[in-house]
Amino acid sequence: MLIQERRRRRANTATQALKYQLAQCCEDGRIEAMVVADGDGLPLASSGDTFACDEVAARMVLVGQR
């Protein structure tokens, strides 16, 4: 039985794998930027416009407290 590899890129770290996944989600969904951040608003992984990702991550700290 031949196994077909679906992945186009391989990552050595979880952070790099998450960046690849966010980039693919942006491409598939035609989204300009996506970010995953910690509770302090620091981006853990992002794809797209760096400034936009940093801004969203920082602002979500305030939104998340509600």
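User: What makes two strands count as paired, and how many bridges join β1 to β2?

Analyst: Two strands pair if DSSP finds at least two bridges between them. Strands (E, at least two residues) and helices (H or I, at least four) are DSSP runs, numbered from the N terminus. Five bridges join β1 (residues 33-37) to β2, so these antiparallel strands meet the rule for a pair. V35 stands opposite S46 in β2. In their hairpin, five residues lie between the strands, and G41 takes a positive phi near 85 degrees.

This is a predicted model: local features need pLDDT of at least 70, side-chain atom pairs count only at pLDDT 80 or more, and totals for chains, interfaces and linings use all residues. Residues are numbered from 1 along each chain as its sequence is written, and side-chain values use heavy atoms, with hydrogens and water left out.

User: Why is the contact of E55 with R59 called a salt bridge?

Analyst: The term needs a side-chain nitrogen of Lys or Arg within 4 Å of a carboxyl oxygen of Asp or Glu. The closest N and O atoms of E55 and R59 are 2.7 Å apart, so the pair qualifies. By this rule the count comes to one salt bridge. E55 and R59 are four residues apart in helix α2, which means about one helical turn separates them.
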